[in-house]
Amino acid sequence: MTVVRTTLSKIEDNAREIAAQAHHRFGQEKGRRVMIAIAGAPGSGKSTIAERVVDELNGKGDISAALFPMDGYHYDDVVLEDMGRRPFKGAIDTFDAHGLRHMLERLKANQDDVIAVPVFDRSIEIARAGGRLIAQSIDIIVCEGNYLLASQSPWDRLKPIFDFTVFVDVDESDLRTRLQDRWRGFGLNEAEITRKVEENDLPNGLSIIANSSEPDLRVKNPGSSQRQD
């Protein structure tokens, strides 16, 4: 039975709770690899929480965990230019949903000695093919991304792949501030920041909040000075 809970706590507390749930699921599966999804809007803090979950799991000593961000499945900028969608990079239609699904299924099957996955390089805003290796010995994979729980087709085919799902909630005002701070960190001017946030990032975030399937666990990520992704 799915139990939906809401927690209001610090990132560290949320990470410990998710790690405990992942560890429990792995015990139930008797050695089969477990897949965890952590979804949320851009700026919600899901990336930071996912990293902490992996650290927490690896620190237990009896299991191994790896991080798999879905951002590696961004379409390349050349493709987005051809689509006329370059200014809206990050919207749901600017990702390779089918490629991501096939990779998740391959990771869950765990039949290969090692799997190379793409990783998004934020410094150049481009995905690097084969940017990370995930060995067959990894017990738990923590996948994080905006659209892992999206309810529209074909994204709705992702949720059944996961053994446990999490959604990171954040208030709209807090989300706007975090997104603005993110782009300031990349040295953009205020006009460009406003355009990116108000015309792309924030609408995407609100759509993600409104159109994601109900997770097994909801966590609330209050305001923080830490990096939020």
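In the predicted model, helix α1 (residues 11-28) packs against helix α2 (residues 46-58) at an angle of about 55°, and their axes lie 8 Å apart. That angle makes α1 oblique to α2. The crossing of α1 past α2 is right-handed. On the α1 side, the contact is formed by Ile 11, Glu 12, Asn 14, Ala 15, Arg 16, Ile 18, Ala 19, Ala 22 and His 23. These residues meet Thr 48, Ile 49, Arg 52, Val 53, Glu 56 and Leu 57 in α2. By class, the contact of α1 with α2 holds eight nonpolar, three polar and four charged residues.

α5 passes α6 in a right-handed crossing. From α5, the contact draws on Glu 172, Leu 175, Arg 176, Leu 179, Gln 180, Trp 183 and Arg 184. Their partners in α6 include Glu 190, Ile 193, Lys 196, Val 197 and Glu 198. Further along α6, Asp 201, Leu 202, Gly 205, Leu 206 and Ile 209 also take part. The contact of α5 with α6 divides into eight nonpolar, two polar and seven charged residues.

Helix α4 (residues 97-109) packs against strands. It has 13 residues and spans 18 Å from its first C-alpha to its last, close to the 18 Å expected at 1.5 Å a residue. Its buried residues are Ala 97, Gly 99, Leu 100, Arg 101, Met 103, Leu 104 and Leu 107. The buried residues of α4 pack against β2 (34-40), β3 (65-69), β4 (114-121), β5 (126-135) and β6 (140-145). Asn 110 follows α4 and has a positive phi, near 50°.

Several backbone features stand out because most residues other than glycine have a negative phi, and most peptide bonds are trans. Lys 30 is not a glycine, yet its phi is positive, about 55°. Lys 30 sits in the loop between α1 and β2 and is exposed, with a relative accessible area of 75%. Glu 125, also not a glycine, has a positive phi of about 60°. This residue belongs to the loop between β4 and β5. Glu 125 is partly exposed, at a relative accessible area of 24%. The peptide bond from Ser 153 to Pro 154 is cis, with omega near 0°. Pro 154 lies in the loop between β6 and β7 (164-169).

Terms used. Residues numbered from 1 in each chain as written. Predicted model: local features only at pLDDT ≥ 70, side-chain atom pairs only at ≥ 80, totals over all residues. Heavy atoms only, no water. Axes fitted to C-alpha atoms, helices over the stretch in contact; angles between N-to-C directions. Helix = DSSP H or I, 4+ residues; strand = E, 2+ residues; numbered from the N terminus. Parallel < 35°, antiparallel > 145°, perpendicular 65-115°, else oblique. Left-handed = near helix turned anticlockwise from the far one by under 90°. Contact = heavy atoms within 4.5 Å. Nonpolar A, V, L, I, M, F, W, Y, C, P; charged D, E, K, R; others polar. Expected span 1.5 Å × (residues − 1). Buried < 20%, exposed > 50% of the residue type's maximum accessible area, 1.4 Å probe, protein only.
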